[in-house]
Amino acid sequence: MSARARRTARPRHVRIVGPGRAGTSLALALTNAGWDVAPMLGRADDPTDAAADVDLLVLATPDDEIRTVARAVRPDDTTVVAHLSGASGLDVLAPHERRAAVHPLVALPTPEVGAKRLVGGWFAVAGDPMSDEVVAALGGRSFTVDDADRATYHAAAVIASNHLVALMGQVERLADEVGVPFEAYLDLATATLANVAVLGPGAALTGPAARGDESTIRRHLRALRADERRAYRGMVDAARRLATEHAGRTRKGAQ
């Protein structure tokens, strides 16, 4: 990041609309970073003058409310209006001239935990350079995502975080059925992610789909309850695809 992005002449003044987990996490983190954070606005508050007397107005509302709230705010040419959405582009912030997007690629389960995880985290940014100042204030790392790519980018984020949690929920259910401690599977999952970090997904893949052991897969499906099979089949298909792609890359590299 540029020295300009890391350095400001005075503490930035920011107001946040939306006191949910994301908005409150950001408010706590920026306050700890020395920014002047105004009292947050909620659903019962009139946002008309929310852009007045601040450098940055953050709309930390649900995605389908951003456009409505942005239109309700009286534009101020000196204020940057930003959202925290991963899937939305800058168009939803019309009619404001200075627009930005700052999506934290961080799980924010509670405001307190979220505020800590924002420090040093990854952020998808777009629009006004004020987004770089936010990332710099939090000691984070950023990358730019164009509006046309934001839905795909956010889908990947959902898979990496939300879908992973849902899969571990299935693991917990099956572990309970056979009386195996869930913590044992958590250790397995943690080690597997460590393998992915070192080797990449393709090389880290093990198990029956990776080795073409279809008889074991059929045995698993017979053992699972009907309501657990769909998710298993979907992930087996994904594992087969990954194994095939990795084998193709390996053969190509050997040529």
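Visitor: Which hand does the crossing of helix 6 and helix 7 have?
Guide: Helix 6 passes helix 7 in a right-handed crossing. A crossing is called left-handed if the near helix is turned anticlockwise from the far one by less than a right angle, and right-handed if clockwise. Helices here are DSSP runs of H or I with at least four residues, strands are runs of E with at least two, and both are numbered from the N terminus.

Visitor: And which residues make the contact?
Guide: On helix 6 they are Leu 164, Met 168, Val 171, Glu 172 and Ala 175, and on helix 7 they are Phe 182, Tyr 185, Leu 186, Ala 189 and Leu 193. Contact means heavy atoms within 4.5 Å.

Visitor: At what angle do the axes of helix 6 and helix 7 cross?
Guide: At roughly 145°, and the axes come within 9 Å. Helix 6 covers residues 150–178 and helix 7 covers residues 182–199. The axes are lines fitted to C-alpha atoms over the stretch in contact, with angles from 0 to 180 degrees between N-to-C directions.

Visitor: What kind of model is this, by the way?
Guide: It is a predicted model, in which local features need pLDDT of at least 70 and side-chain atom pairs count only at pLDDT 80 or more, while totals for chains, interfaces and linings use all residues. Residues are numbered from 1 along each chain as its sequence is written, and side-chain values use heavy atoms, leaving out hydrogens and water.

Visitor: Back to helix 6. Is Gln 170 buried or exposed?
Guide: Gln 170, which is found in helix 6, counts as buried because its relative accessible area is 9%. Buried means under 20%, exposed means over 50%, and partly exposed is in between, using a 1.4 Å probe and protein chains only.

Visitor: What is Gln 170 in contact with?
Guide: Leaving aside neighbours within four places in sequence, Gln 170 is in contact with Glu 228, Ala 231 and Tyr 232.

Visitor: Let's zoom out. How many helices and strands does the chain have?
Guide: There are 11 helices and 7 strands. The C-alpha atoms fill a box of roughly 65 × 45 × 30 Å along the principal axes.

Visitor: And how much of the chain is buried?
Guide: Of its 255 residues, 36% count as buried. Among contacts with a separation of 6 or more, 53% join residues 24 or more positions apart.

Visitor: Which helix is mostly covered?
Guide: Helix 5, residues 130–137, has 6 of its 8 residues buried. Those are Met 130, Ser 131, Glu 133, Val 134, Val 135 and Ala 136. Just after helix 5, Gly 139 takes a positive phi of about 65°.

Visitor: Which residue has a positive phi although it is not a glycine?
Guide: Asp 53 does, with a phi of about 65°. Asp 53 sits in the loop between strand 2 and strand 3 and counts as exposed because its relative accessibility is 74%.

Visitor: What about Asp 55, buried or exposed?
Guide: Asp 55 counts as buried, at 10% relative accessibility. Asp 55 is in the loop between strand 2 (36–37) and strand 3 (56–59). Beyond neighbours within four places in sequence, its contacts include Arg 10, His 13, Thr 78 and Met 130.

Visitor: New topic: where is the cis peptide bond?
Guide: The bond from Ala 94 to Pro 95 is cis, with omega near 15°. Pro 95 is found in the loop between strand 4 (80–83) and strand 5 (99–104).

Visitor: How about Leu 93, where is that one?
Guide: Leu 93 is also in the loop between strand 4 and strand 5. Leu 93 is buried, with a relative accessible area of 0%. Leaving out neighbours within four places in sequence, Leu 93 is in contact with residues including Leu 59, Ile 66, Ala 70 and Val 81.
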